[in-house]
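This report describes the chain shown below. Readers may wish to keep the structure in view while following each section.

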Amino acid sequence: MNFAAALVLTCLLVPIALTLAFMPLFTRETISFGVSVSEEMNRSEPLNRLRRRFIRISCIGYALIFAASLTGMTRLDMNGQGWLLTVCITAMLVFHTFLYLRFHFMAKTIKETLPQSSPQRQIVAVDTSFRNTKLVLSNLWFLIHAAIAGISAVWTLTYYDRIPDTLAMKFDFAGNVTQTAAKSYLNVFLPNILQVIMILVFLMINWSIGNSKQQLDPNRPEQSKARNTIFRRRWSLFSIMSGLLIVLLFSCIQVNMALQLDPNLLTVVSLIIPVVIVVAALGLTITTGQGGSRIGRTPDASPSTYHPNDDRHWKLGLFYFNRQDPSLFVEKRMGVGWTINHAHPLGWLILLAPIVLIVLVTLLAR
């Protein structure tokens with residue numbers, strides 16, 4: 001088995017598996033598998049037992065997928081190993097989705113058996129000065145990304161004649177070329193086009209973090225506001241740094257086109273950057289939690305009685321659909337991050353536009 005392939009498989013799959021397996025511990029304490037509960041209900045033994053069972057089954061499932069992946073690595077060539085990595089990640093996500101749905105319905109059933117699960121008067125806390133707080137880093141930081149993309153494009157245009165007539169478009173884990181394309185302006189400047197798309201995507205992510213719906217605990221408004229602010233700032237920094245790494249990766253690809261550097265070097269850089277992003281996301285998830293729920297958290301603190309009883313707007317605990325809510329972005333119920341209000345027309349445009357652009361550019365480059 002190629003050692004580099006096994007190392008990449010481990011560095012990518014293990015952090016993803018840990019994030020998915022222990023996701024119930026990173027979610028807000030007022031949510032259990034996409035079902036709204038009070039913190040007191042969430043700390044009850046039935047729901048604690050349900051979380052432990054979810055983690056146990058998840059770890060077993062991901063361990064089997066990982067073992068099958070390592071076995072497959074020994075029987076495939078370099079090109080096949082690249083496809084295997086994609087298949088493994090997809091299998092983990094599919095397994096997680098089906099497992100989550102099963103436990104979502106189990107949590108709904110358990111909720112009905114717990115005290116305080118009867119409908120309560122809904123209390124919503126709103127801080128009118130919340131938007132005046134610096135919630136995210138400035139989008140001006142993306143000027144650095146744009147400058148790198150611009151310099152890369154100018155440099156590539158200057159050295160265009162030095163670029164060979166046949167371009168190496170894809171490498172395996174050993175640095176061997178597995179796909180080529182004829183030299184053309186579109187193929188040569190494709191990394192720059194993708195840089196622009198990525199910059200716009202991460203800029204939109206940063207904007208959505210700052211403009212997503214505020215979610216405060218009426219019983220602890222100041223504390224929840226402080227946690228949520230830190231939560232947004234950390235993920236804002238993460239989005240800016242992740243975008244920068246991806247932009248630099250595309251620039252490295254263009255430099256390699258003209259200078260014909262050691263392909264192993266480009267392969268290493270292409271593998272290290274995704275690993276760094278995945279590991280950083282895991283670390284941020286563990287230390288911060290959804291909405292900042294793990295910041296300054298003390299297990300022995302008295303549970304809040306806040307109960308965001310809005311399950312009717314969440315389909316399967318995954319899809320938020322509320323025509324009366326003008327918010328475009330809201331916090332996820334399962335996992336860490338944000339999702340769109342699927343009842344908002346702009347939400348679908350924002351969700352699909354980057355995907356359509358990337359697909360079109362990729363098809364044109366063939």
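## Confidence of the model

The model is predicted. Its mean pLDDT is 82, and 82% of the residues in the chain reach 70 or more. Among the elements of the chain, helix H6 (residues 142-158) has the highest mean pLDDT, 93, while strand S3 (residues 166-171) has the lowest, 65.

## Overall organisation

The chain holds 11 helices and eight strands. Of its 366 residues, 45% are buried.

## Annotated transmembrane regions

An unreviewed UniProt entry places the feature "transmembrane region" at several spans, among them residues 235-259, 265-287 and 346-365. In the model, residues 235-259 are 100% helix and 0% strand, with end C-alpha atoms 36 Å apart. Residues 265-287 are likewise 100% helix and 0% strand, and their end C-alpha atoms lie 33 Å apart.

## A nonpolar surface patch

Trp 348, Leu 351, Leu 352, Ile 355, Val 356, Val 359 and Leu 360 together make a nonpolar surface patch of about 630 Å². One of these residues, Val 359, belongs to helix H11, which covers residues 345-364.

Is Val 359 buried, partly exposed or exposed? Its relative accessibility is 44%. Buried means under 20% and exposed means over 50%, so Val 359 counts as partly exposed.

Terms used. Residues are numbered from 1 along each chain as its sequence is written. This is a predicted model: local features need pLDDT of at least 70, side-chain atom pairs count only at pLDDT 80 or more; totals for chains, interfaces and linings use all residues. Side-chain values use heavy atoms; hydrogens and water are left out. Patches are made of residues with over 30% relative accessible area and no salt bridge: like charges are joined within 9 Å, nonpolar side chains (Val, Leu, Ile, Met, Phe, Trp, Tyr) within 5 Å. Accessible areas come from the Shrake-Rupley method with a 1.4 Å probe; for residues, only the protein chains shown count as cover. A salt bridge is a side-chain nitrogen of Lys or Arg within 4 Å of a carboxyl oxygen of Asp or Glu. Helices (H or I, at least four residues) and strands (E, at least two) are DSSP runs, numbered from the N terminus. Buried means under 20% relative accessible area, exposed over 50%, partly exposed in between (1.4 Å probe, protein chains only). UniProt positions are given in the numbering used here, feature names are shortened, and annotations may be inferred rather than shown by experiment. pLDDT is the predictor's confidence in each residue, from 0 to 100.
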